[in-house]
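I opened this notebook to record, for someone new to the structure, what I looked up and in what order. I begin with the sheet and then turn to the rest of the fold.

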Amino acid sequence: MIVPPGGIWSVRMIVPPLACRRLIDRSLSVYFKTHKAADFRRAVGEFCRFYGVKRPKIEWYEYIDWGKTAGKTYENGRIHLIHPENWKRGRIYKTERMWVQTFYHEMGHFLFWTDAERKADTFTRRMVRGLRRASGERSRRAASRRPVAGKRPASRARGKGRVKVARRSQARAARS
């Protein structure tokens, strides 16, 4: 077995297309806020449909491992998660995003059993990548970078040649 440069193995993962990931993410966010089971089932169903796996058995808890653990996946496919109602109690990071990413992490464990921790972390990053950049945000950012009509940036107003000529003439004036 040949070890790649740097000793880091690349893992090829297939993640759902962005539209599917946005649907899953939106359903999880709505579930976090409203606690309607249908939203959670929709997210898990979409996830499992894409990967062609059976739904995992998910059990809800107030806390796991005395509050140290946010979720846990077992070899038999069971997943223990902290329920969103209890997520805010006794946690340092109480955000909805952290709960959603915990869900992705545990689903990553569910999908990838070999080298599970590293693969679950990579899977979480790839599921989240690109979700927050909506087309409206991109156009607003691009508009804020555009110069105001009729005004040129200072670097364009004066040509580089003119600046050099002015400096030369100033240097000559200083010598004489």
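Sheet. I looked up the strands and found three of them forming an open sheet with mixed pairing, in the order β1-β3-β2; strands here are DSSP runs of E of at least two residues, helices are runs of H or I of at least four, both numbered from the N terminus, and two strands pair if DSSP finds at least two bridges between them. The edges are taken by β1 (57-61) and β2 (71-73), and since each has a single partner strand, one side of each is left without a neighbour in the sheet. I noted that neighbouring strands are turned by 15° against each other on average, direction ignored, with axes being lines fitted to C-alpha atoms (for helices over the stretch in contact) and angles running from 0 to 180 degrees between N-to-C directions.

Source of the model. This is a predicted model, in which local features need pLDDT of at least 70 and side-chain atom pairs count only at pLDDT 80 or more, while totals for chains, interfaces and linings use all residues. Residues are numbered from 1 along each chain as its sequence is written, and side-chain values use heavy atoms, with hydrogens and water left out.

Pairing. I then followed β2 to β3 (residues 78-82), and found that the two run antiparallel and are joined by three bridges; Gly 71 has Leu 81 as its bridge partner in β3.

Helix on the sheet. Helix α4 (residues 96-111) packs on this sheet and touches β1, β2 and β3, its direction making about 170° with that of β3; contact means heavy atoms within 4.5 Å. I checked how enclosed α4 is: 12 of its 16 residues are buried, so the helix is largely enclosed by the rest of the structure, where buried means under 20% relative accessible area, exposed over 50% and partly exposed in between, with a 1.4 Å probe and protein chains only. Among the buried residues of α4 I listed Trp 99, Phe 103, Tyr 104 and Phe 110.

Cysteines. How many disulfides are there? The count comes to zero, a disulfide being a pair of cysteine sulfur atoms within 2.5 Å. I also found that Cys 20 counts as buried at 12% relative accessibility, and that Cys 48 counts as buried at 4%.

Whole protein. Of the 176 residues, 33% count as buried.
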